[in-house]
Each structure stands twice: as structure tokens, then as C-alpha cells.
Amino acid sequence: MTARLGWALADGWTITRRALLHWRMQPWPVIFGWFFPVLMLLMFGALLGGAMETPAGESYYELLVPGIFALAMLFGLEATMTAVTTDVAKGVTDRFRSLPMSSAAVVLGRCIADLLDSAVGLLVLSGAGLALGWRWHGSMLEALAAFGLLLLLRFALLWVGIFIGLAVKNAQSIMAVQVLIWPIGFLSSAFVATSTMPDWLGTIAQWNPLSAAATAARSLFGNPDPSAASWIGDHALEAAIIGPLLLTAIFLPLSAATFRRLSN
Amino acid sequence: MTTERVIEAFEVRKNYAGGTEGAGLNGFDLEVSAGTVTGLLGPNGAGKTTAVRILATLLTMDSGEARIAGYDVRRQGAEVRRRIGLVGQSAAVDEILTGKQNLVMFGRLNHLGHAKAVRRADELLERFSLTESAALPASKYSGGMRRRLDLAASLIVAPAVLFVDEPTTGLDPGGRAEVWSAVRELVKGGTTVLLTTQYLDEADQLADRISMLKAGKVVAEGTPDALKAQLGADWLDLVVTEQDDVQHIRQLVDRLADGEVRVDGLRVSIPVKDRTRALVEVATLLQGANIEPEDITLRRPTLDEVFLNLTGSGVPA
């Protein structure tokens, strides 16, 4: 049993190293992935930010940066999905499955690599945010907790990505998901107060796990939050923990089942 | 000479619910002895890939039994995977990584230590003439090179059985020749190979034994020569210069033919039983009719003809 766990970890690390080698061989897609949220930050902050209202007249970046953090976690889904589908389509997944390696390792390696990718992305984005005037006002520990919650969301979305990637099997469907990600991202408190939306939409947006992550991050960073008082808004911290765990509880078994169904 | 059975399959059945994903198996039987190359020959949709995927534990069968080196494919998957190599239809290598990075990675996943994995990668690159392109990303490789890299990757730990699924589909003639010589190289090393192909010449060239698959079932099995002898008469081919002679000959030789006479342009192919007598009689008939043939040959049937006899449908050659 211990030996099996040992091999699973060793194999997982080999798969992680494969992803890191990909970064080295083809750095541009990864770098683009890191800087794309920075572009979003500039677009919304510099172009639209002037028209945005903040609760006490603070810089819009104070509110926007944690929102974009959460959005960047959602965009990470694409990278996961694409990597999984490509491996299935190219037969690499089959090769892994025909090797005497642990099948959990394939997923473990993907997990570590994608979380690393997102962690670097958050670092880049924080740097850009700081340069534009965003600050965190709480303790270092609170800031780390905020980043932890964001990565927890990324972890949950990873399973969504693995599930979709295994289920759709072709690049066209991936495109459809890539387009759908936008409304899902905007239907949240990432950019504006949900109270500015039509009631029913605002309610959906409040319950978007992205909103919980953004609101929880804002409160931990000591940034203003535009959300009007609501039950889910008052429990953002709990929601930012429970939401991703719930997503994981749904999509991890679904992914595992789909992976096994590859042999049907 | 060992007669150990390395692959055994008995009454394997597999039905795809939708029927769109692949061809099913319909009571598939196979026996492969150690150190031989067996060709699994059949047209598209006969179930070749399904058979390989079931034997390689990538797919579960509905019913039946299969063993690799004595290990049950269904219940002892991990043991089976330790003893097989798989070269799939699309070259399953990481296209972003270099040839060497690929081989080192697969070596690590076969649980070789780092130094050993690097050494093995270098050996295999050398053996498959890829040393010069070792540092290039696999996406820059030609089709033949990629297939060779794929072969190398499946040989990292010498497998008891190597499955090679349509290794030359989609390759140009140069690529095919490269892959053929790579497969021959393996066989010299004593690897047992199960090769699927829809190309008759490929099976004829590479395989010691051939199993012909039709609609998920083996319809004939044997050495290429035995198959030809057992399943088709010999053929006497006549090539003439005049179209008129073709019809004339057809009528003349009808009595001699052991089956249906086939005409292809100016070539008349006559199935015959007794080779020498047939040759003499045909020559006499031609002389009597005053027809001067351009060419006259006796030959064994091609696998194409055998296949046509067996399945009633041709195979793209």
C-alpha cells in the first residue's frame, strides 16, 4: 500500500515535470495565460473604471483586483480542459493507461502543474495590481488566506475542467465552453455590485462561486466590497470554502467515472 | 523453439451500445506463440483495433477470456500492463517535448531511475536512428520518425508482447519502409508482436502467422503460405495483346478452371488445381486456337484473393 502511494507520488511528479517542460519548450501560451488577466485588469480598470462607483469613492482597482483574481481562476479552466482533451485525442492518455503507472498520478500531475500555473498567474496579477494602486490592508496571514481561497476555487474548477475535457473529446466543443466562460465570469460580483443587476440575475450572480471567492478575498484583503447585504454575501467566507468543496465533491467522482468509462 | 502461448483469447465479445465508436467483436479467438509476429488482417471496421485495445487492457470485454503471458486481462490488468507495449494508431508521443524528453518521461513512468531512463533513451534513439533528431520537438518529426519514436517508447522495458496497431496507416512509402525495418529489427530481438493492418503486403512482409478478421471474428488463420495454399487454388495468369482473344480464351479454358475465371483488362486469371497439367493443357489450347500470349505464369494466390474468397469483400491494397 505504501509502495503504491509512493509510486503514485513519483509518477505524479513525473507528469508535473512534463507540464513544466512544456512551459520551457513553448513558453508563450503560458506567459499569455498569465498576462491575459492583466490585460483584463487594464481594460476594465483604465477604460471603464472611470464610470464605476465604489462604496466610499476608493480607486476602482481596490474593488476590481480581487474580482479579476477570481476571474483568473475561472479562466484557468480552459488550460486544464485543453490539456486533457489534447492528451485524449493524441493517444497520450491511452499510452499512460497502458503503462504500469498509477492512473491517479495522471490527474495528480495535472493538478499540481495547473495549481502552480495559477499561483504564478496570481503573483503576476498581484504585481500588476500593486503597480496600479491596489493595496491589501489586512495582515500578511489574511492575504495568504485570500490567495489560498482563490486557489481552492481553482482546485475545484480543475475537476470541472478534467471532467469536461474527458467528456467532450474534441476541440470544437472546447471552443463552445471557452465562449460560455465569459458570461459565467461576468455573472458575478467580480466587476460590479450584484445589486445593480436585475433582481433575478443579481440573485444568480450572488450565488456564483466566483462571487463568494471575490467577496471573501476582498474582505480578507480589506478591500471595499460593493455587494448589498444579503445572506450569501454575509457568509462569503463560508461560501468560498464550501462552494469549491461542493464542486469538487460533484466533479471529482464524475471525472474518475469518465476516466474509467474510457475503457467501455 | 518454444511453444509458449503469450496471447490467448477465447470467445471474446464486445458490443458498442451506439455502434459509432468502433467495431465490436463477435466471438474473437486468437493464439500467439512467443517470439512470433502475428498479423491481424482485416478491412476497416472488422474489429482489429477493438481486439488490440481489449488485449492491452484499455477496453473491457463484455464476455469471453483473454490472457497475456498467462495473466488474465480482466482481473490482472496491472500484471498485464507490466508485460506489454502498445503502439497505437496515432503516434502517442508528446508533440511538445523532444524525442529524448519523451523517452526519458516514459522511462520514468515505467519506474526506471533517472540515470537509467536517460541511458535507455539514448540506446533506443540510437537503435531507431533518431539520435540526430533527439533534441527536436516531436512535432517537427516526419510521420515515419514519429512512428519510430512511438515504437521506441513502447520498448523501454522489453515487453513480452508488443501490440502494433496499423503502424503505417497514413504514411508515405518512405515512412512505411522505415517502420517496416524498425519492426523487423524488433523481431530480431525476440519480441512477440501482434500487428494489425489492412494492408495485405504488410502482413505478408512482416508476419509469421496471419489471422484474418471479418465482422469481429477470425475467419481464417495460418502462415501466409498455408493460407494461400489452403484457401485458394493456384492461378494461371495469361496476358494477351488483343481484346478479342480475352473472350475466346475464357470459353476455351472454362472446362479447366477450378472456380471462376477472372478478367482484368488483357489479363485472364484461371484458378487451377493441378499446376503442371493445367499449364500443359492451356498451352495446347492456345496453340490450337493460334493465340500467342504475351505472358503466361503460374502463381500462388495473393492474400487479396484469399481475402476475397473468405469474406466476399475486398481489402484496400
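Reply: Domain bounds are taken from an automatic or database domain assignment. By that assignment, chain B is divided into domain 1 (5-228) and domain 2 (233-300). Taken over C-alpha atoms, the centres of domain 1 of chain B and domain 2 of chain B are separated by 42 Å.

Some ground rules come next. This is a predicted model, in which local features need pLDDT of at least 70 and side-chain atom pairs count only at pLDDT 80 or more, while totals for chains, interfaces and linings use all residues. Residues are numbered from 1 along each chain as its sequence is written, chains are lettered from A and ligands numbered from 1 in the order in which they are written, and side-chain values use heavy atoms, with hydrogens and water left out.

The term pLDDT stands for the predictor's confidence in each residue, on a scale from 0 to 100. Chain B has a mean pLDDT of 85, with 93% of its residues at 70 or more. Within chain B, confidence is highest in helix 3 (residues 99-109) of chain B, at 95, and lowest in helix 11 (residues 303-311) of chain B, at a mean of 70. Where pLDDT is low, the predicted coordinates should not be read in detail.

Helices (H or I, at least four residues) and strands (E, at least two) are DSSP runs, numbered from the N terminus. Buried means under 20% relative accessible area, exposed means over 50%, and partly exposed is in between, using a 1.4 Å probe and protein chains only.

Strand 6 of chain B has a partner. Two strands pair if DSSP finds at least two bridges between them. Here four bridges join strand 6 of chain B to strand 7 (residues 161-165) of chain B, and the two run parallel. Within strand 7 of chain B, V161(B) is the bridge partner of I84(B).

The loop between strand 7 and helix 6 (173-188) of chain B holds E166(B). Although E166(B) is not a glycine, its phi is positive, at about 40 degrees. E166(B) counts as buried because its relative accessible area is 3%. Another such residue is E11(B), which has a positive phi of about 50 degrees and is not a glycine either. E11(B) belongs to strand 1 (residues 5-14) of chain B. With a relative accessibility of 28%, E11(B) is therefore partly exposed.

Rolling a probe the size of a water molecule over the atoms shows where empty space is left. On a 1 Å grid over the protein atoms alone, a cavity is a set of points where a 1.4 Å probe fits but cannot get out; a pocket is an open set with protein on both sides within 12 Å along at least five of seven lines, and lining residues have an atom within 4 Å of a point. Grid points are joined across faces, edges and corners, and a volume is the space filled by probe spheres set on the points.

Two cavities of 30 Å³ or more turn up in a search of the whole structure. The largest cavity holds about 90 Å³ of space. It is lined by 14 residues, of which L99(A), I84(B), G85(B), A153(B) and S154(B) are the closest to its centre. Strand 6 of chain B supplies the largest share of this lining, three residues. Helix 4 (92-98) of chain A and strand 6 of chain B each give at least two residues to the lining of the largest cavity. By class, that lining has eight nonpolar, four polar and two charged residues. Ala, Val, Leu, Ile, Met, Phe, Trp, Tyr, Cys and Pro count as nonpolar, Asp, Glu, Lys and Arg as charged, and the others, Gly among them, as polar.

The largest pocket has a volume of about 1300 Å³. Its lining comprises 47 residues, and the closest to its centre are M101(A), S102(A), S103(A), A104(A) and F259(A). Helix 1 of chain A gives the most to this lining, with six residues. Helix 4 of chain A also contains R97(A), which counts as buried because its relative accessibility is 13%.
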